[in-house]
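Please look over the sequence and the structure below before reading on. The paragraphs that follow go through the fold, the ligand and a few single residues.

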Amino acid sequence: MSHVPLVHKRYSIRIVPPGPYNGAEGLVFPRGEIAVKSQYNTLISKGLPKISKRHKQVKNRHPNASQLDRKIDKDYLLTMNFNIKKQVQKGYSRAWVVDKYAVVGLWPSEDELFQKFWPYGTRVLDLGCGAGRTTLPIAQQDYWVTGADISFPMVKRARDQAERWRLPITWATLDATDLPFANETFGAVLFSYNGIELVPDGKEGKQCVLNEVWRVLKPGGHFIFTTHAIEAFNQYAFLRFSRLISFLISKTLRRPTLAKEIGEVVNDPNRNLEVYYMQIISPRTYRKMLTNTGFEVVYYNSRQRIDQQKPPNWLADMDPDFKFYVAQKPVAPPIAEI
Ligand SMILES: C[S@@+](CC[C@H](N)C(=O)[O-])C[C@H]1O[C@@H](n2cnc3c(N)ncnc32)[C@H](O)[C@@H]1O
């Protein structure tokens, strides 16, 4: 297996020589190199969303464009009958979005958890693999990896990158709610970077993913995934709160809404966006759903706390950063009580 550092040449990231992680936020590559976050942000900002023609016209025409935009989105969307899952797929198939996700490298927190919970040689399923950010470094670390995503352009870009680095990865275009694999195929499953929140149909959609992951995992295997949190204190807290209030008011007054559940956001399919659907709920709900599915939540913490080497505690739910869940399928199924 090749052991060249996994850096996309187009972006020419400066590689900090291997050494202990120095606490700076950055991407960790398999051999310990770090690309600092400021560079990473500059790199990803290259793929800027373009405003659609219709919205440009509306903005140019109307003195109070932002309010009108909101009104048009809401009224017009309610009259439309569109397939949200197809929209998600479309959002992640656009060239500028694929470019944005083409930077390869694990977060320090991911690197730490994979090493802790996944023994080398494990067969790993990387769900929502995007352009291979996590898939390639995992394959380089002597795991057997299948990278899978609902967007074919994402899988294609990931596969091209893997070929360049001569990494033996299996690829699949699929929907995480309906996996084409036999029971107990994988020793580990990953759904990184809040991918599960993009699965529509509220909690039911997320539950389908948990059921499928449970099915394809071997007993004793670990499922690692990340989400945001509705209770997080960050720059989006006010926006989430106002959305919540408006959702509750609409429900009370029985007004039609695109969001069917708390935390759901549905965006106008005519806009050139990355995210057409997302649902941010509480990590407590995910932990409960995992337990109800039969998983044991063996570890839960925020990315910030993992990076700061802090143990998990109840404050993690409110941290501004991503939440990590490590859920294990028990070795022996619980014996049913007679
Ligand atoms: C935020 S991106 C993260 C990509 C990659 N994991 C990374 O960390 O760079 C989320 C990915 O999940 C994929 N995705 C969304 N819904 C999915 C589904 N139902 N099944 C499989 N993949 C899905 C998207 O196409 C997208 O590539």
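In what order do the seven strands of the open sheet lie? The order is E5-E4-E3-E6-E7-E11-E10, and the pairing is mixed. Two strands count as paired if DSSP finds at least two bridges between them. Strand E5 (170–173) and strand E10 (296–302) are the edge strands, each pairing on one side only. On average, neighbouring strands of this sheet are turned by 15 degrees against each other, direction ignored. Strands of a sheet pair through backbone hydrogen bonds, either parallel or antiparallel. Strand E7 (residues 217–227) and strand E11 (residues 323–328) run antiparallel and are joined by six bridges.

The model is predicted: local features need pLDDT of at least 70, side-chain atom pairs count only at pLDDT 80 or more, and totals for chains, interfaces and linings use all residues. Residues are numbered from 1 along each chain as its sequence is written. The secondary structure of the chain comes to twelve helices and eleven strands. Helices (H or I, at least four residues) and strands (E, at least two) are DSSP runs, numbered from the N terminus.

Helix H8 (residues 152–164) lies across strand E4 (144–149) and E5, and runs at about 170 degrees to E5. Helix H9 (residues 202–216) lies across strand E3 (123–127), strand E6 (186–191) and E7, at about 145 degrees to E7. Axes here are lines fitted to C-alpha atoms, for helices over the stretch in contact, and angles run from 0 to 180 degrees between N-to-C directions. Two residues are in contact if their C-beta atoms, placed from the backbone, lie within 7 Å. Among contacts in the chain between residues at least 6 apart in sequence, 69% join residues at least 24 apart.

Next comes the ligand. It is surrounded by 22 residues, the closest being Tyr92, Gly128, Gly130, Ala176 and Tyr193; a residue is near a molecule if its C-beta atom, placed from the backbone, lies within 6 Å of it.

Tyr193 lies in the loop between E6 and H9. Its phi is near 50 degrees, a positive value in a residue other than glycine. Is Tyr193 buried or exposed? Tyr193 counts as buried because it has 20 C-beta neighbours inside 10 Å. The cut-offs are 20 or more other C-beta atoms within 10 Å for buried, 12 or fewer for exposed, and partly exposed in between, with C-beta atoms placed from the backbone. Of the 338 residues of the chain, 37% count as buried.

Glu184 also has a positive phi, near 55 degrees. Glu184 sits in the loop between E5 and E6, and with 13 other C-beta atoms within 10 Å it is partly exposed.

Phe82 is in the loop between helix H3 (65–79) and helix H4 (84–91). Phe82 is partly exposed, since 14 other C-beta atoms lie within 10 Å. Leaving aside neighbours within four places in sequence, Phe82 is in contact with Gln87 and Pro269. Phe82 and Pro269 are 187 residues apart along the chain, and their C-alpha atoms are separated by 8.1 Å.

Last is the confidence of the prediction. The mean pLDDT of the chain, the predictor's confidence in each residue from 0 to 100, is 81, and 76% of the residues reach 70 or more. Over residues 1–52 the pLDDT is below 50. It also stays under 50 over residues 54–65. Where pLDDT is low, the predicted coordinates should not be read in detail.
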